[in-house]
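Here are my notes on the model you asked me to look over. Have the structure open while you read.

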Amino acid sequence: MQSRIVLFTLMFTSLVVISNITLVFLNESRIDVYISLSILAYYVSHALSRPSTTYKPVRILNIALFVLFAVIVAYRVYEVFIS
Amino acid sequence: MTPQLFIFGLNIIVISLFLALYGLMSGVNSLIGVASSLGVLGGVFIVYSRIPRDPTITALVNYSKILLESTTSIIEDLDLLDSNLCIVRKGNELLAVYSKIPCPIQVDPGVGFTGGSPYLAIPIEIPLVEGFEATGTVDQATLERMLRTIIVDELGMARELGLTITGNTYHVYIHGLIEVLKDYSKYPVDPYVIVTAAIIAYTTSASSIRVVEKTTTPDGVVIALRAGEIAE
């Protein structure tokens, strides 16, 4: 279990750093893009390393991040419809 | 809890707060974006730092051994060492029943006497099944996936698992047992047998699942279970 958490930490950090550097170089100024890519990086790292799904705080975190991601996507879709 | 990961996460959040503040003051949105992203990173690390680390697991292992030996003493005193193990459904509860008669249904949690035999009935709570539906079906692929998800992926009790179904008999092949639970599998209250039988009983909604045979292989265990037998 501990090695899976270490692997998850390394993967998640790497993905967040790579995505942030890429977005900064692309001069991206929309804050929600940074957050949504971090959330995606979390789910990708979680799916690949599977550190834990048994602990309640981790489950609550998964749900909270999913809800946040859904809100961001819904807001952007709403903006597209409005324009 | 992992203090290092907690402090690391906290540090990242502090850095992200300062970065967000600087981004707000200088009006650079990308800095605020990076700060938000770092905030997510730090928050995740703080949550994951709460997962118990290995020394806690060691304490749990020692405590489990104490409970296991006391349960084994009770089984010995009741002369149930060579008894049948059956998972019996009683209302919404599943009971692991050790008894000389197979699958008695007139049992209550604890120690008792039924059908001319003493019994020990242990209430079973299956970990992690709330995410799965008790369909009552016996589709082999679905049941095998559920067993593998809980036993291998979530609980990490083994490396691999296979299932075959013949009529109302289930053969479960479990390979790559983890060291600490491998020792426990020598006791009458075997975690592999109990968890496997309980998951099958829950999923198939069977009134009873009897453990017919348990065979130890060099790298694992093969458990044969039969559904639906009830002692009158």
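The points below go from the chains to the sheet, its helices and a pocket.

1. First, a caveat: this is a predicted model, so read everything here as computed from predicted coordinates. Local features were considered at a pLDDT of at least 70, and side-chain atom pairs at 80 or more.

2. Chain A is quickly described. It has three helices and zero strands, and going along the sequence you get α-α-α. The C-alpha trace of chain A spans about 50 × 30 × 15 Å along its principal axes.

3. Chain B comes in two pieces according to the domain assignment: domain 1 covers 3-48 and domain 2 covers 57-227. Their C-alpha centres are 46 Å apart, so to speak of each piece separately is how I'd start, given that the bounds come from an automatic or database assignment.

4. Now the sheet of chain B. Eight strands make an open sheet with antiparallel pairing, in the order β3-β4-β2-β1-β7-β8-β6-β5. At the edges sit β3(B) (110-114) and β5(B) (160-166), each of which pairs on one side only. From one strand to the next, the twist averages 25°.

5. β3(B) pairs with β4(B) in the antiparallel sense, over five bridges, and V111(B) is found opposite L120(B) of β4(B). The two strands form a hairpin with two residues between them. Look at G115(B) in that turn: its phi is positive, about 60°.

6. β5(B) and β6(B) run antiparallel and are joined by seven bridges, with L163(B) standing opposite V172(B) in β6(B). Here too there is a hairpin with two residues between the strands, and G167(B) takes a positive phi near 65°.

7. What does β7(B) pair with over seven bridges? The partner is β8(B), residues 220-227, and the pairing is antiparallel. Within this pair, V211(B) stands opposite L225(B) of β8(B).

8. Two helices deserve a look against the sheet. Helix α4(B), residues 140-154, lies across β5(B) and β6(B) (169-175) and runs at about 150° to β5(B). Helix α6(B), residues 191-204, packs on the sheet and touches β1, β2 (93-99), β4 (117-124), β6, β7 and β8 of chain B. The direction of α6(B) makes about 35° with that of β1(B).

9. Then there is the second largest pocket, with a volume of about 260 Å³. Its lining counts 14 residues, and those nearest its centre are S83(B), L85(B), Y98(B), P188(B) and V211(B).

10. By class, the lining has nine nonpolar, two polar and three charged residues.

Definitions and conventions. Residues are numbered from 1 along each chain as its sequence is written. Chains are lettered from A and ligands numbered from 1 in the order in which they are written. Side-chain values use heavy atoms; hydrogens and water are left out. On a 1 Å grid over the protein atoms alone, a cavity is a set of points where a 1.4 Å probe fits but cannot get out, and a pocket is an open set with protein on both sides within 12 Å along at least five of seven lines; lining residues have an atom within 4 Å of a point. Grid points are joined across faces, edges and corners, and a volume is the space filled by probe spheres set on the points. Ala, Val, Leu, Ile, Met, Phe, Trp, Tyr, Cys and Pro count as nonpolar, Asp, Glu, Lys and Arg as charged, and the others, Gly among them, as polar. Two strands pair if DSSP finds at least two bridges between them. Helices (H or I, at least four residues) and strands (E, at least two) are DSSP runs, numbered from the N terminus. Axes are lines fitted to C-alpha atoms, for helices over the stretch in contact, and angles run from 0 to 180 degrees between N-to-C directions. Contact means heavy atoms within 4.5 Å.
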